[in-house]
Amino acid sequence: AYAIAIENLELTRAHLEFVGITRPSSLDLWTALVSGLASQQVANDPGGDRWLRLVEPAVDMFLSTEGDAL
């Protein structure tokens, strides 16, 4: 399971670098954002879409904020 997690992290890093986001802290922020939304969904609305609906606006907000910080 750890090897899969590392592979996923490296793939995410590559995707972020592709769009110009290269700071290590940005990868940390991205993983916190995604895991936080997933945790909220599972814990608070497992059969619904309350937190899932926030994924797209959260991604947009992250990309615009991180793009400004480059």
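1. **The tryptophan.** W51 touches L37, Q40, Q41, N44 and D45, leaving aside residues up to four places away in sequence. Contact here means heavy atoms within 4.5 Å. W51 sits in the loop between α2 and α3 (55-68). Is W51 buried or exposed? W51 counts as buried, because its relative accessibility is 16%. The scale is this: buried is under 20% relative accessible area, exposed is over 50%, and partly exposed is in between, with a 1.4 Å probe and protein chains only.

2. **Ground rules.** This is a predicted model, where local features need pLDDT of at least 70 and side-chain atom pairs count only at pLDDT 80 or more, while totals for chains, interfaces and linings use all residues. Residues are numbered from 1 along each chain as its sequence is written, and side-chain values use heavy atoms, with hydrogens and water left out.

3. **Overall fold.** Along the sequence the pattern reads α-α-α. Helices (H or I, at least four residues) and strands (E, at least two) are DSSP runs, numbered from the N terminus. The C-alpha trace spans about 35 × 30 × 15 Å along its principal axes.

4. The protein chain has 70 residues, and 16% of them count as buried.

5. **Surface.** The protein chain exposes about 5,100 Å². Carbon and sulfur atoms supply 63% of that area. Accessible areas come from the Shrake-Rupley method with a 1.4 Å probe; for residues, only the protein chains shown count as cover.

6. **A nonpolar patch.** Which residues make the nonpolar surface patch of about 340 Å²? They are F18, V19 and L63. V19 is found in the loop between α1 (2-18) and α2 (24-44). Patches are made of residues with over 30% relative accessible area and no salt bridge; like charges are joined within 9 Å, and nonpolar side chains (Val, Leu, Ile, Met, Phe, Trp, Tyr) within 5 Å.

7. **Charges.** The protein chain has 4 positive and 10 negative side chains. The centres of the two sets lie 6 Å apart. Lys and Arg count as positive, Asp and Glu as negative; His and the chain ends are not counted. Each charge is placed at NZ of Lys, CZ of Arg, CG of Asp or CD of Glu.

8. **Salt bridges.** How many salt bridges does a search of the whole structure find? The search finds three. A salt bridge is a side-chain nitrogen of Lys or Arg within 4 Å of a carboxyl oxygen of Asp or Glu.

9. **E66 with R23.** The closest N and O atoms of this salt bridge are 2.6 Å apart. E66 lies in helix α3 and R23 in the loop between α1 and α2, so the pair ties together parts that are 43 residues apart in sequence. E66 is buried, because its relative accessible area is 6%. R23 has 33%, so R23 is partly exposed.

10. **E10 with R13.** In this salt bridge the closest N and O atoms are 3.2 Å apart. Both residues lie in helix α1, three residues apart, which is about one turn of the helix. E10 has 39% relative accessibility, so E10 counts as partly exposed. R13 is also partly exposed, at 27%.

11. **R53 with D49.** These side chains meet in a salt bridge at 3.6 Å, N to O. R53 counts as exposed, because its relative accessibility is 55%. D49 is partly exposed, with a relative accessible area of 40%.

12. **D45, back at the tryptophan.** D45 lies in the loop between α2 and α3. Leaving aside residues up to four places away in sequence, D45 touches Q40, R50 and W51. At 22% relative accessibility, D45 counts as partly exposed. D45 and I4 are 41 residues apart in sequence and 27 Å apart in space, C-alpha to C-alpha.

13. **Two helix residues.** G36 is in helix α2. Its relative accessibility is 29%, so G36 counts as partly exposed. D60 is in helix α3. D60 is partly exposed too, with a relative accessible area of 47%.
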